[in-house]
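Colleague: Can you show me how to read contacts and helix packing in a model? I am new to this.

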Amino acid sequence: MTTGPATQIDTLLAETRLFDPPAEFAAAAHISSLDEYRKLYDRSINDRDAFWSEVASELTWFKQWDGVFQRDGHRFRWFDGGATNLSFNCVDRHLSSGTRNKAALIWEGEDGEQRVLRYHDLYREVCRFANGLKSLGVGAGDRVGIYMPLVPELAIAMLACARIGAVHSVVFGGFSAEAVRDRMVDAQARVVVTADGGLRRGGVVALKANVDSAVEAADCVEKVVVFKRLGNEVAWDDSRDIWWHDLVADQPLDCPPADVAAEDPLFILYTSGTTGKPKGVLHTTGGYMVGCYLSTKLIFDLKDQDTFWCTADIGWVTGHSYVVYGPLLNGATSVMFEGALNWPEPDRIWAVAERYAVSILYTAPTAIRSFIRSGNQWPEKHDLGSLRLLGTVGEPINPEAWIWYHEVIGGGRCPIVDTWWQTETGSIMISPLPGATPTKPGSATLPFFGCEPDVVDSDGSSVAPGAGGFLVMKNPPPSMARTLYGDEERYQLEYWSRYQEQGWYFAGDGARRDEDGYYWVLGRVDDVINVSGHRLGTMEVESALVSHPTVAEAAVVGRPDDLKGTAIVAFVTLKAGQQPGDEAAATLREQVVKEIGALARPDEIRFADALPKTRSGKIMRRLLRDIAQGSTTTGDTTTLEDLSVLATLRGDEEE
Ligand code: PRX
């Protein structure tokens, strides 16, 4: 099996440092000792129904559930028979206390504009937009596409959908028109919410123009709601487009929350898999709500006085769960920042953290590595004394980056929570509890409540401490995805078929567990790569490449990269008569950007007369990975190599 970059594994294997939670932090924490964690953890597994019942009861339900957890193979239900409303729990629930006038969202635009929405403001805006959606004919179960910059209206649109029982599908603003179209068509979205533009590194992201071209080929879309973020010129279709401000202008300030069944869908979020077609991961209401609520509260040790900043874009699951739902369910103040963390200067992130006195910062290892590269003078310009807890997510963190984060950003006083989870798991599954768990740089440490991971071999036997294996989950916790939208078969196949007999969820990651039971997640074991903390299917990039008329065949693999975690290397065979070279490589890079988005742009394109294949015709990716890793070429250099020779040297090796 492949377990990610070899150098990464070696460093992780050698790591022996242990950091105890600072005594003062532990004393004030929700969970204060390893003992307390272990007792509660045992209860969450062995007295599962009582444990989750108590947690769920901290939130508001309109109707009590009949059963806490039921399972039949890979089909399962949480809080079945219960009815609630996620928007009510995120907003209305806080209106009867002092939280009413607390900041719910603190927003900063890339251009420095600032807005603060108190819980009561948020309530009104959510209600007005929910009424607006209703006036467009959107009802329970209808899908609403959201393709917006990181502005408060993005959160408002999500909460408005949840309020009326509609299903949102947020598409990351960096995705291309083609990617938006595919997702809208797959979800059969009736309405798309977008903006006239967003700001990114000083430039305007043409969101509306992308939506225009996307919906041309998406007949399902009846209306496009456009939030005026910049006031720039956009093309307009009177029969289809409506300004956000016009839609909400005369709407009532109240909108009763719909009774939403616990197992009713809440959102679809597309993510990459091992085929060219992204998967629409479907989350339901009750379990997701409870999982987000508890994980935010305990893993981030959230207190009333905290200011929480998760730097992820809401287009990814991290933004769904830890910019919007988790913090708001807890009545916390969540910071939203529109732009790039290192623009216009490398200290933008530290300036924002200082400005709003952020106390909990949650970001990605790839970002941390880029801050290290920029130099300590940037964070040193700022007073980061308000920070008390740091978090990471998205990929394994190399111990060197962990130590830098701990010392330079956390001043040695802030615990770090390295949180492992996935789009499919909805909320964090493996993580330290900051007041309880001694941490080891590079390890996500121990399972969160209700999670039963294991590291097993291909037969399903637990591997010995220290040995590598596949990461599985023995029982689905409340926030686990229920299906892939419109493709139950693929859901069963991708996640539940490998250990069907045992009934385990297969996460697609390789991991090892050490003598202390700590988990070290090593990376993907399938044809999915992790680029700058974002998941990409190599097949998706291959499909984008072969959709270009000059390309005969393409194979894409990952190569370890100091900054991005994994760089994208594409091996391409052109059709007869086509000229390889820098120009062709540039064209093909743009092709991928057009089909998917800039995040998938290949770092390197190598032309070959033929790709190495087994006799049965399967591309030998392992060989290509070796070649890509052994590469001495960098950046844009394009090389020609005769891979067909290599191919004939190898036998019928299967991956
Ligand atoms: O490979 C794991 C990696 O990211 C994958 C999930 O990607 P996605 O669904 O896009 O969600 C990312 C944010 C939740 C996982 O299968 N991953 C995520 N967190 C970690 C990680 N790898 C190691 N350590 C982590 N803390």
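Modeller: Start with one residue and its neighbours. Contact means heavy atoms within 4.5 Å. Leaving out residues up to four places away in sequence, His548 touches Thr587, Leu588 and Gln591. This is a predicted model: local features need pLDDT of at least 70, side-chain atom pairs count only at pLDDT 80 or more, and totals for chains, interfaces and linings use all residues. Residues are numbered from 1 along each chain as its sequence is written, and side-chain values use heavy atoms, with hydrogens and water left out.

Colleague: Is His548 buried or exposed?

Modeller: Buried means under 20% relative accessible area, exposed over 50%, partly exposed in between (1.4 Å probe, protein chains only). His548 has 13% relative accessibility, so it counts as buried.

Colleague: Where is the place of His548?

Modeller: Helices (H or I, at least four residues) and strands (E, at least two) are DSSP runs, numbered from the N terminus. His548 sits in the loop between helix H18 (538–546) and strand E28 (551–561).

Colleague: At what angle do the axes of helix H7 and helix H12 cross?

Modeller: Axes are lines fitted to C-alpha atoms, for helices over the stretch in contact, and angles run from 0 to 180 degrees between N-to-C directions. The axes of H7 (residues 152–164) and H12 (residues 317–329) cross at roughly 60 degrees and come within 11 Å.

Colleague: Which residues make the contact?

Modeller: H7 supplies Ala155, Met158, Leu159 and Ala162. H12 supplies His320, Val324, Tyr325 and Leu328.
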